[in-house]
Amino acid sequence: MGTRERHIGHAAARSAPAADPRGGKLFAMPRFLVDISHRVYRRRVFAIAGAITALFLMLLAVLPALFASDPKLSNTVPVYGEVSKEVADELAHTSSFPLLVAAVTFSIWGVLAYLRCLDYMLRRRLVAIAAICPLWMIEVIFKYNSFTPTYATLLWYLYYVPMTLIPLLFQLCGMRLVGVEQHRAGRRYRTALWITAALLIAFVLTNDWHRQIFHFDRASETWSNDYTYGWGYFVFLAWTAFNVVAFFVLVGRSSSYRIQRFSGTAALVLLGGAFFAASYALRVPWAWKLNFSLVYCVLCVVTLEICLDCGVIPSYHDIAGIFDTLPLDLKVLTRDLQAAYATPMSGPITPDVREELRAQEYGRAHAFTVASAPDVMYRAFPLLGGSALLAQEVSELNELNRELAYRRMELQRQNELLAADYDLKAHLADQEAEALLVQDVDRALARALDEMYSLLSSLPPLTDEASSHERYRMLQCAKMLVAYCKRKGSLTLAQHEESGFDRDRIQLIANELASDLRTIDVDCASIVAIRRPLHASTVSALYDCVYDFAFFAYTTDHPALMYHLGDHDSCSVELRATLFSNDEDDLSRTPAAHELEVALQGRNVAYRLEGEPGQLRMIVLMPRTGE
């Protein structure tokens with residue numbers, strides 16, 4: 001076995017399994033060729049080739065007995081010695097001996113192709129082609145030594161079984177290379193090809209009934225030479241041409257770079273095969289003298305060998321040459337950590353690296369560094385029968401990591417300073433908000449007390465029923481002012497609570513307000529639908545708007561109020577208030593409504609007032625402050 005075969009054998013014994021998209025293994029080797037030394041691997045390959053040769057020699061020895069066992073197969077008296085001499089003479093004086101040599105050669109090539117091909121599906125199809133070719137050679141030998149027209153005709157028809165299957169397998173190999181079999185349309189197309197091939201085989205085997213492929217007179221002694229072609233024969237020619245052209249087209253799509261090396265030689269093989277087939281069909285003397293089946297198989301095997309040799313079909317060809325061109329520090333190691341392949345840039349394996357590789361669990365990829373070379377990152381990848389070790393210089397990366405670590409520390413210190421600054425500003429903002437709230441409450445309480453003093457000092461004397469009613473109304477207003485002062489004063493205590501004013505608490509306050517209003521003959525109902533708690537400053541502004549609208553409602557005839565508080569967006573809340581009364585005038589045009597609008601303008605809110613006879617609607621949009 002030469003240098004190339006040694007590379008192929010060693011690669012086959014040491015290469016890793018690769019996962020197929022459908023779950024299979026592309027690189028799976030036979031178990032009897034895995035985890036063995038190169039010398040044992042080479043001996044076993046020679047043993048396989050020798051066994052195939054021995055089988056064909058046994059077939060050669062059994063042929064005389066086979067011809068002697070059936071009188072229909074030979075007209076000679078069935079005596080072993082005479083038939084043996086007859087068959088031996090036929091084998092010696094015909095082309096049977098080259099066919100036997102070709103059958104052995106094709107079988108050995110099938111073994112080598114199986115060991116070299118990486119893809120499991122392509123490997124099966126190559127082995128199928130390699131198996132069909134020797135069987136075809138044996139079938140041709142039988143035909144040459146058959147002396148009855150029935151056997152000769154059947155064996156002649158059987159020629160077209162491999163002529164149908166081999167081109168089909170070629171196109172299927174091309175489909176596998178381009179990856180169209182993964183799709184549903186590709187699988188359906190493949191099924192259609194197999195059905196067509198089966199129909200063609202059945203068509204040619206039944207030629208005696210329809211005579212659409214070959215026309216001949218069986219009564220003639222020269223029928224094997226004096227025959228003509230029917231339209232079915234040209235169907236076979238079209239089938240062969242279609243599959244072969246499809247194979248080359250698919251190969252061209254699958255590897256645009258590799259096809260440059262492959263296209264020239266493959267085109268010569270294709271053109272030579274087409275020229276020979278046309279010459280043989282036209283019975284040109286030089287082509288008619290050659291053995292069609294042998295030439296056909298040789299051309300097919302040569303084409304596939306070129307594909308394997310050029311890398312069009314993934315193989316182990318020249319794996320050592322690939323390592324010579326890699327600009328990496330890469331080594332393929334055996335189980336005992338000996339270098340099977342190494343790139344020119346790779347260095348020796350240090351003891352620290354060997355200890356690390358021995359300590360790691362086999363079959364798992366991992367990365368590591370050693371103390372003796374801190375600026376080198378080692379990555380180990382499991383292979384079938386060993387591992388691959390990649391060493392990468394990471395000094396620049398380590399320097400960048402150190403710089404990033406230093407910047408990270410600086411950023412962490414700055415983040416701590418920013419966090420402290422934020423806490424301080426938040427504390428100052430809380431204090432400022434508290435001071436503003438206290439000032440707002442003080443001003444509100446002062447205004448409310450002034451209004452209460454004004455009301456109490458201007459109470460009319462009890463002289464008649466009208467004065468009594470006015471006095472009662474003014475006392476009710478004073479009562480509302482007292483309730484307002486109580487609510488506003490409670491805000492100075494509520495701002496220190498972490499939870500703030502949630503929906504339940506605001507609903508409770510709204511219910512208390514409704515109760516206060518009902519005591520002064522103002523019907524009131526409220527709905528609170530907020531999702532997040534409100535700050536005390538926001539609730540303070542809401543108090544002002546709600547009480548402003550309530551004081552306005554008290555000036556109308558038989559008022560009824562409805563409040564709705566909800567979220568407008570993430571930054572603001574919306575208060576909607578509706579007043580119904582028995583007044584016949586447009587409530588938005590009354591003097592009290594003008595005073596209400598002036599009061600709302602003094603708040604930090606966006607508002608809108610809409611009125612009609614007996615109704616007034618207020619919409620207030622208020623930002624969430626203090627959060």
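**Rings, a helix and a sheet**

Me: What is the relative accessible area of tyrosine 157?
Reply: Tyrosine 157 is a buried residue. Buried means under 20% relative accessible area, exposed over 50%, and partly exposed in between (1.4 Å probe, protein chains only). The value for tyrosine 157 is 1%.

Me: What kind of model is this?
Reply: Residues are numbered from 1 along each chain as its sequence is written, and side-chain values use heavy atoms, with hydrogens and water left out. Local features need pLDDT of at least 70, side-chain atom pairs count only at pLDDT 80 or more, and totals for chains, interfaces and linings use all residues, because the model is predicted.

Me: How many aromatic pairs does a search of the whole structure find?
Reply: Rings of Phe, Tyr and Trp (its six-membered ring) pair if their centres lie within 6.5 Å; planes under 30 degrees apart count as stacked, over 60 as edge-to-face and the rest as tilted. By this rule, the number of aromatic pairs in the whole structure is 17.

Me: Which residue forms a stacked aromatic pair with tyrosine 157?
Reply: The two rings are 5.8 Å apart, centre to centre, with 25° between their planes.

Me: Which residues do ring pairs link into a cluster with Trp156 and Tyr157?
Reply: The links here are ring pairs. Besides Trp156 and Tyr157, the cluster holds Tyr160, Phe214, Tyr233, Phe234 and Phe236.

Me: Over the face of which residue does arginine 505 lie?
Reply: A charge sits over a ring if NZ of Lys or CZ of Arg is within 6 Å of the ring centre and within 35 degrees of the ring normal. Arginine 123 lies in this way over tyrosine 114, at 5.2 Å from the ring centre. For arginine 505 the distance is 4.3 Å, and the ring belongs to phenylalanine 501.

Me: Within what arc do the buried residues of α18 fall?
Reply: Helices (H or I, at least four residues) and strands (E, at least two) are DSSP runs, numbered from the N terminus. In α18 (residues 503–518), the buried residues include Ile506, Ile509 and Leu513. The arc is that of the directions from the helix axis to the C-beta atoms. Seen down the axis, these buried residues line one face of α18, because they fall within an arc of 160°.

Me: Is arginine 518 buried, partly exposed or exposed?
Reply: Arginine 518 has its place in helix α18. Because its relative accessibility is 45%, it counts as partly exposed.

Me: How many bridges join strand β10 to strand β12?
Reply: Strands β10 (residues 572–580) and β12 (residues 615–623) run antiparallel. Phenylalanine 580 stands opposite glutamine 615 in β12. The number of bridges joining β10 to β12 is nine.

Me: What is the relative accessible area of histidine 558?
Reply: Histidine 558 is in the loop between α19 (536–554) and β9 (560–569). Its phi is positive, about 50°, although it is not a glycine. Histidine 558 is exposed, because its relative accessible area is 60%.

Definitions and conventions. Expected span 1.5 Å × (residues − 1). Pairing = 2+ DSSP bridges.
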